[in-house]
Amino acid sequence: MATRADDISNWQIVGHDWAVHALARGLAADRVAHAYLFTGTHGIGKTTLARALAQALECTGANRPCGECAACQKIARNRHPDVQIIDGVPVGYKFDDKTLPPPRLNESERRILKIDQIRAVQHDVSRAPFEGRWRIILLRRFEEANEEAANAFLKTLEEPPSHTRLILTARDASLLLPTIASRCQVMALRPLSLAQVEAALIERWRVEPATARLLAHLSGGRLGWAVRASSDSTRLDARRAYLDALNAALIEGRAERLARAGDLAKETDALPELLEQWIGWWRDVLLVQNGESARVANVDREENLREHAARFRLDEAQGALKALRATSRYLTQNVNTRLAMEVLLLNLPGS
Ligand SMILES: [Zn+2]
C-alpha cells in the first residue's frame, strides 16, 4: 500500500528523488537524524533541499512540508526565528554584533567559517525554540570552516541538545574532518539530467525554451546554477565575451597573444570562470571531432564548434585542453598569473 512518504510532490524539489524519499520516510517514522550533511557541486540543490527539510520539520500543516502554513512560509523567506542559515564571512572580515556579513558575490568567492560563528551557534542551540518544534541550524559550505571552527563544532555534533537539528552542506565529504562527516547522515546529491533541468526551467521558472535548452546544457545538471543564470544575464554575457576572446586569440600571432595574455591576467577574479568556459569549449571541439556532436554543451554555437573541429587537428584540441587544465591548476598555487596566461595563450593552436 502506498504510504504518505511515497508521495513527495509536496516537497517541491526537482530531482534528487531518492534523497527526498529517504527524508520523507525518516520523518514519517519519526526517525530524523540529529545532523545531515548534503554534498554536491555548487548550484546542485543542497540549500534548497536543506530548506525543504527545515520546512518539513517545522511545518504545522497536514502534509509536511505543506508550503502554506506560517512556518513553511517564514522558512521560505529566511524569516523563521528558529531556523538559521550560517555562511562563511569574507577573508579579513571583522565581526560586530549589529551588522550581518555581506552576501556572497559569486560562487567562486572564497570565504571562511570562523570560530566566532560556531560559538554563536552553540549559544543559540543551547536555548529552547521560540515558536517551532526544533532549532534548526543550516551551515553552508562547511568545507570553508577553519580547523579551529571545525574542532569547536565537533562538540556540538557529539552532544546536540535534543531540540536541535543540524544540516551541513559541502562540495564533498572528503573536504571535512572525518570525525565531522561520520557524525552526520551523508546524502551525496548528483547532477540532474539535462532534460530535467530544461523542463523545470520552462515549466516552473517560465524560461523561454531556447534559453532553457542552452542553460540546461551549460549547467551540467546543476539546476540552481541554471535558475540563477536565467535571471542574471551577466553570466551568459560573460560567457559570450570569453568565447569571443578565445575565437579572436586563435587567429592571432605571437605578439598579439602575449598582449592579450597580459590583459587577461589583470582580471584575476574572472579567470577561473574564463578557463572553465574555454575547457568546456575544447571538450566540445573534441566531441565534434569524434562524431559526438549530440553531446556538446555549447548548443548555441554549433557552427563555430564545427569550424574549429575542422580547422584544428585532434591532437591540437587535446593539447589545448591539457594546457588549460594545467593553467587552471597553476592559478590555485599562487604562480605568476601573467606568465601562466602567456604560456597558455602560446600553447593554444593556430599561432
Ligand atoms: Zn507547512
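Visitor: What coordinates the zinc ion in this structure?

Guide: In this predicted model, the zinc ion is coordinated by the SG atoms of Cys59, Cys66, Cys69 and Cys72, at 2.2 to 2.4 Å, where donors are N, O and S atoms within 2.8 Å of the metal (3.2 Å for Na, K and Ca) and water is not among the atoms, so sites may look incomplete. Local features need pLDDT of at least 70, side-chain atom pairs count only at pLDDT 80 or more, and totals for chains, interfaces and linings use all residues. Residues are numbered from 1 along each chain as its sequence is written, and side-chain values use heavy atoms, with hydrogens and water left out.

Visitor: Why is the site of the zinc ion called tetrahedral?

Guide: Four donors count as tetrahedral if all angles lie between 85 and 135 degrees; the angles among the four donor atoms of the zinc ion are 102 to 121 degrees, and the site is tetrahedral.

Visitor: How do you know that Cys59 is buried?

Guide: Buried means under 20% relative accessible area, exposed over 50% and partly exposed in between, with a 1.4 Å probe and protein chains only; Cys59 has a relative accessible area of 0%, so Cys59 is buried.

Visitor: What makes Tyr36 and Phe38 a tilted aromatic pair?

Guide: Rings of Phe, Tyr and Trp (its six-membered ring) pair if their centres lie within 6.5 Å, and planes under 30 degrees apart count as stacked, over 60 as edge-to-face and the rest as tilted. By this rule there are three aromatic pairs, among them Tyr36 and Phe38, which lie 6.1 Å centre to centre with 45 degrees between the planes and are therefore tilted.

Definitions and conventions. Four donors count as tetrahedral if all angles lie between 85 and 135 degrees; four count as square planar and six as octahedral if opposite donors are over 155 degrees apart and all others between 65 and 115; anything else is irregular.
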